[in-house]
Amino acid sequence: MFMFLFTGSYRNLISDGLLCVPPQAPVIEGLRSSEVKAGTFLRLVCLSYGGNPLATLHWTKNGEVLSTSWEVDTVSQKASSLLNMEVKPEDNEAVLCCESVNQVSRSPLSITRSLTVLFEPAEVTLLGSVEAVEGTKVTLCCHTSSSNPPVHIRWWLGFRELNNATVTISEGENGGMMTMSNLTHTVSREENGLPLTCEAFNKGTRFSSIQSKTLSVYYPPQKVWLDAPPEGTPLRSGMTVRLVCFSSGGNPAGRLTWLKNGKVVQVPSKHVQSERGVSREFLLTLHPSDNLATYRCDATNEAKKVKSAEIKLQVQFPAVSVKIVVKQNELHAGQVLNLDCLAGSSNPKANISWSLGSTRLKGVDQAPKKAEYGGLSVSSKLALSLGSHHHGNRITCQVFSSLLSEGVNTFYTLNVLFPPEFAEDQPTEVQIIEDDMATLPVMVSANPDDVTCEWVFQGEKVVKERDHRYHFPEGWVLEIWNVSRRDAGNYRVECSNTEGKNSTIVKLDVQCENPI
């Protein structure tokens, strides 16, 4: 083989009688426009005519080889290379190049095409809360990932377009642009439940995508009322009344809370939903503290405004307490005992009565005073001259309401201290037959009952040491065995305790046995 090198615009090589020449510049067929939509499949053909030998072809994208396969047609004197390519967003602004070359080419001949890829955003994101109280603002952000050309964003509330958004466009991936739209909107209750929609669209790619959230507008209950006894109706302590609170309107439905005089009351019943709204029952067993108490039902929800309804009850009740107050620490026979009966609050005013056993006593009523729970407190004083016969008895104070036919009472047990007292049936004379045994009884009572007694006969104490016939079998009872005439006479018994002493005479009458 012989090779000749020429200088100039091309080289010719004659070998085996043939002239070698370089190919013509390549051309690309199949690309009608530089703008291509992502996802399109391109079928591009690179052609190079002429040349001896025919050209070799290869494709590159941004300098990186895509294909090195080609075909030659010796009849048509052309070389061709087919490139099948799926267009992707990352191909935006890519440079496609086809090069042709043969052995005598001074340098490869090439043709380039720049692609402008139209691609849609991969993501459309809607951020922000769509829950708000009426009259306040919601702020939402709708943003897209990169696209070419940049998408437009518009906002819809139901079928109404909102035009008060601010839009920001910034650079994104693959030479595209990102769009962000911020919306601030003041909500009203009429808009509750409407879809709030962000629509992203691209005229160039005929792209459209929406993201939507349902708007929740909170507004307070519109009306609250009670089903309860008419205000001013007299009610009785101990009875159970039914209070029902109703609430209508509001989003969401109201939460109902019962309060007594401003303090929350725990109610076991649950909320009941109905067409009218929501209700909650309160079964209230009345106590004296409920008189003039204000029961209120508060209805509230996320709107944080309170609607209320209330009722003031009038409750009748007997005295809540009663006690007897005695200031003396010790009670002695012959003293005057002063007692105070103090009744707790009642509604209406009650009356006080005194009794000693079954005997009614007259006390001195005091002026009533205002008391707790809106009632009245009454009191009464009683003065009682004490005697020994009062010991162990009960003084009762009763507080009674004639209107309610109901009362309460308490008692005070008398512990009267007194010196020994001989019973009314204490014998004053004992008759006995000579040589029998005589029994001289002692029937005495005292408080305290730690009593000491002694017998005296003819000025001397009667003791066993004096005469072995004297016996004391039980308590202070005196027995005289084998009674003789000398034993007849008056026997004085004297008993004492810490309160004092007392004595009585028992006459022993000794009779002779009838002669046979």
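Q: Which residue's side chain makes a polar contact with the side chain of His-185?
A: This is a predicted model, where local features need pLDDT of at least 70, side-chain atom pairs count only at pLDDT 80 or more, and totals for chains, interfaces and linings use all residues. Residues are numbered from 1 along each chain as its sequence is written, and side-chain values use heavy atoms, with hydrogens and water left out. A polar contact is a pair of N or O atoms within 3.5 Å; within protein, one must be able to donate a hydrogen and the other to accept it, and residues adjacent in sequence count only if both atoms are side-chain atoms. At 3.1 Å, the partner of the His-185 side chain is that of Glu-191.

Q: Is His-185 buried or exposed?
A: His-185 lies in strand E19, residues 177-186; strands (E, at least two residues) and helices (H or I, at least four) are DSSP runs, numbered from the N terminus. Leaving out residues up to four places away in sequence, His-185 touches Thr-136, Lys-137, Val-138, Leu-157, Arg-160, Leu-162 and Glu-191, where contact means heavy atoms within 4.5 Å. Buried means under 20% relative accessible area, exposed over 50%, and partly exposed in between, with a 1.4 Å probe and protein chains only. His-185 has 9% relative accessibility, so it counts as buried.

Q: How many residues of strand E20 are buried?
A: Strand E20 covers residues 195-202 and is mostly covered. Out of its eight residues, the buried ones number seven.

Q: Which residue of E20 is the bridge partner of Arg-154?
A: Strand E16 (residues 152-157) runs antiparallel to E20, joined by six bridges; two strands pair if DSSP finds at least two bridges between them. In that pairing, the E20 partner of Arg-154 is Glu-199.

Q: Which residue in E21 stands opposite Thr-197?
A: E20 also pairs with strand E21 (residues 207-214), in the antiparallel sense over eight bridges. Across from Thr-197 you'll find Ser-212.

Q: Which strands stand at the edges of the open sheet, each with a single partner strand?
A: Four strands make up this open, antiparallel sheet, in the order E23-E25-E29-E28. The edge strands have a single partner each, so one side of each is left without a neighbour in the sheet: these are E23 (223-227) and E28 (272-274).

Q: Which residue in E25 stands opposite Trp-225?
A: E23 and strand E25 (residues 240-248) run antiparallel, with five bridges joining them. Opposite Trp-225 sits Phe-246.

Q: How many disulfides does a search of the whole structure find?
A: A disulfide here is a pair of cysteine sulfur atoms within 2.5 Å. Counting bonded cysteines along the chain, the pattern goes 1-2, 3-4, 5-6, 7-8, 9-10. The search total is five.

Q: How many residues apart in sequence are the parts tied together by Cys-46 and Cys-98?
A: Cys-46 and Cys-98 form a disulfide with an S to S distance of 1.8 Å, both are buried, and the link is left-handed, with -90° about the S-S bond. Cys-46 lies in strand E5 (residues 41-49) and Cys-98 in strand E10 (residues 95-101), so the pair ties together parts whose separation, in residues, is 52.

Q: What is the angle about the S-S bond in the left-handed link of Cys-341 and Cys-397?
A: The sulfurs of Cys-341 and Cys-397 are joined at 1.8 Å. Cys-341 is buried, with a relative accessible area of 0%, and Cys-397 also counts as buried at 0%. About the S-S bond, this left-handed link has -80°.

Q: Is the link of Cys-453 and Cys-495 left-handed or right-handed?
A: The sulfur atoms of Cys-453 and Cys-495 are 1.9 Å apart in a disulfide. Cys-453 is buried at 5% relative accessible area, and Cys-495 is buried at 0%. With 110° about the S-S bond, the link is right-handed.

Q: What is the mean pLDDT of the chain?
A: pLDDT is the predictor's confidence in each residue, from 0 to 100. Over residues 1-13 pLDDT stays under 50, and the model has 27 contacts beyond four places in sequence for that stretch. Across the chain, 96% of residues reach 70 or more, and the mean is 91.
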